[in-house]
Amino acid sequence: CIRDSIRASQGTSFRTPALYELYLADQTSFVNQRFIDPCIRWGEELEAGNISQRVANNCAATTTDTFPDGLPPDFTGGTITAEVITGGGFGVLDAETSESRTAGIVWQPGFANLSVSLDYFDIQVDNQVDQLGAGGIVGGCYNSEFWPSDPLCDLFDRTGLNAGIDNVRDSFINVATQTNSGWDFALKYIVDAWGGNLSFDTQFTFQDEATTALFEDTVRDNNGEFGEPEWVGRLWTNYDHGNWSYYWGIDFIGDVSNVKDFGGDTTTYRGETVRVVIDADWVMYNSFSVTRHFTQKGVRATLGIRNAFDEEPPRVTTLSLGQLNTAGNSAFYSQYDYLGQRFFLSVAWDFF
């Protein structure tokens with residue numbers, strides 16, 4: 001017989017802001033200008049590759065009473081520390097809400113030990129409560145494709161001495177909207193082979209939307225960029241024969257690119273145009289293990305190797321381009337393996 005099914009769900013969630021987020025009393029702190037102002041000596045910083053061309057352009061276009069024609073390339077920054085004001089959002093914060101929708105099919109034919117499923121998901125989170133930090137506010141403003149109308153730019157003033165940053169308002173705010181949608185595919189197949197059981201289990205996610213809007217009119221699509229690959233997946237293969245189990249697993253991370261958001265794959269470095277690496281091909285990690293089940297009830301030992309071929313994280317340009325998180329010469333994101341090849345041995349015993 002054939003055991004097919006159709007499934008769907010829709011759900012919502014609601015979270016009121018925590019008391020701390022609502023009623024934190026206003027607090028004032030001070031931070032050195034050079035820690036938060038990306039426009040300090042922006043000409044030298046651009047030449048050294050420490051800021052992106054977008055940041056440099058926005059700094060050059062920033063006009064103040066002191067610099068009516070824009071901040072000069074050798075701008076030295078404010079002469080006093082920047083004041084940062086933090087506090088709760090009582091009367092301002094809205095409750096966090098979310099809505100999720102899923103729909104899918106499952107196919108389980110009677111002629112084989114096989115299960116195949118395909119599911120669509122669509123998730124939206126509204127008004128997530130967050131605190132961005134003084135550096136995140138100022139840096140986010142100057143690196144924004146929506147500058148100077150990005151609401152982040154309204155959260156600080158450039159009214160300090162010598163056009164320095166002042167009055168950074170870093171209270172709790174609502175992040176307008178985050179969306180995520182795509183497809184989940186899963187397949188599991190078990191077959192008798194050579195006196196044992198051979199099984200294949202694979203799952204893949206194909207993401208077609210991943211947007212974030214800190215504010216209503218600042219929607220940014222992150223899909224396909226570092227940290228948000230368009231597809232990820234895994235394939236597990238197990239072979240059980242008597243008291244022995246053999247495992248081979250592969251983890252896949254799709255190709256990614258921040259070239260479109262950066263506006264190209266070149267930048268100015270020390271007066272010359274150079275190519276930057278802000279993309280990466282897809283990556284595959286292999287793992288192997290063998291498990292021995294002993295005659296004593298519930299006792300088993302497993303010897304294995306993770307990242308068997310010592311696959312390294314993608315090498316990228318480490319200049320401060322406002323695009324990537326890096327560690328050493330590599331992209332620093334949770335999907336990648338930073339520990340390299342490693343062996344492990346585990347022994348388990350079920351008491352019940």
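Predicted model: local features only at pLDDT ≥ 70, side-chain atom pairs only at ≥ 80, totals over all residues.

Modeller: Now, β4 (residues 96-108) and β5 (residues 113-130) form a hairpin, with four residues between them.

Colleague: What makes β4 and β5 count as paired strands?

Modeller: Two strands pair if there are at least two bridges between them. Eleven bridges join β4 to β5, so they count as paired, and they run antiparallel. One of the contacts to look for is Ala103, whose bridge partner in β5 is Tyr120.

Colleague: How do you know that β5 also pairs with β7?

Modeller: By that cut-off of at least two bridges. β5 and β7 (residues 173-193) are joined by 17 bridges, so they pair too, again antiparallel. Gln128 has Val175 in β7 as its bridge partner.

Colleague: There's an open sheet as well. Which strands are in it, and in what order?

Modeller: Three strands, ordered β2-β3-β6, with mixed pairing. 

Colleague: Why are β2 and β6 called edge strands?

Modeller: β2 (27-31) and β6 (168-169) each pair on one side only. Between β2 and β3 (residues 82-86) there are five bridges, and the two run antiparallel. Phe30 stands opposite Glu83 in β3.

Colleague: On to charges. How do you know that Glu21 and Arg15 form a salt bridge?

Modeller: A salt bridge needs a side-chain nitrogen of Lys or Arg within 4 Å of a carboxyl oxygen of Asp or Glu. For Glu21 and Arg15 the closest N and O atoms are 3.3 Å apart, so the pair qualifies.

Colleague: Is Glu21 buried or exposed?

Modeller: Buried means under 20% relative accessible area. Glu21 has 14%, so it is buried. Arg15 has 33%, which lies between the 20% and 50% limits, so Arg15 is partly exposed.

Colleague: What about Arg220 and Glu225?

Modeller: Their side chains meet in a salt bridge, at 3.3 Å from N to O. Glu225 is buried, because its 9% relative accessible area is under 20%. Arg220 has 26%, so it counts as partly exposed.

Colleague: What makes Asp265 and Arg275 a salt bridge?

Modeller: Their closest N and O atoms are 3.9 Å apart, and the limit is 4 Å. The pair links distant parts of the chain, ten residues apart: Asp265 sits in the loop between α6 (259-262) and β13 (266-269), while Arg275 is in strand β14 (residues 272-275).

Colleague: How many salt bridges does a search of the whole structure find?

Modeller: It finds 13.

Colleague: Which residues form the negative surface patch?

Modeller: Asp208, Glu209, Asp221, Glu230, Asp255 and Asp281.

Colleague: Now the backbone. Why pick out Arg41 and its phi?

Modeller: Most residues other than glycine have a negative phi. Arg41 isn't a glycine, and its phi is near 45°, a positive value. Arg41 lies in the loop between α2 (33-36) and α3 (42-47), and with 33% relative accessible area Arg41 is partly exposed.

Colleague: What is the phi of Asn127, and where does the residue sit?

Modeller: Asn127 has a positive phi of about 65°, although it is not a glycine. Its place is in strand β5.

Colleague: Last one: how do you know that the bond from Trp147 to Pro148 is cis?

Modeller: From omega, which is near 0° for that peptide bond. Most peptide bonds are trans. Pro148 is placed in the loop between α5 (134-142) and β6.

Key
Residues numbered from 1 in each chain as written. Heavy atoms only, no water. Patch = residues over 30% accessible without salt bridge, like charges linked within 9 Å, V, L, I, M, F, W, Y side chains within 5 Å. Areas by Shrake-Rupley, 256 points an atom, 1.4 Å probe, with all protein chains shown as cover. Lys, Arg positive; Asp, Glu negative; His and termini not counted. Charge placed at Lys NZ, Arg CZ, Asp CG, Glu CD. Buried < 20%, exposed > 50% of the residue type's maximum accessible area, 1.4 Å probe, protein only.
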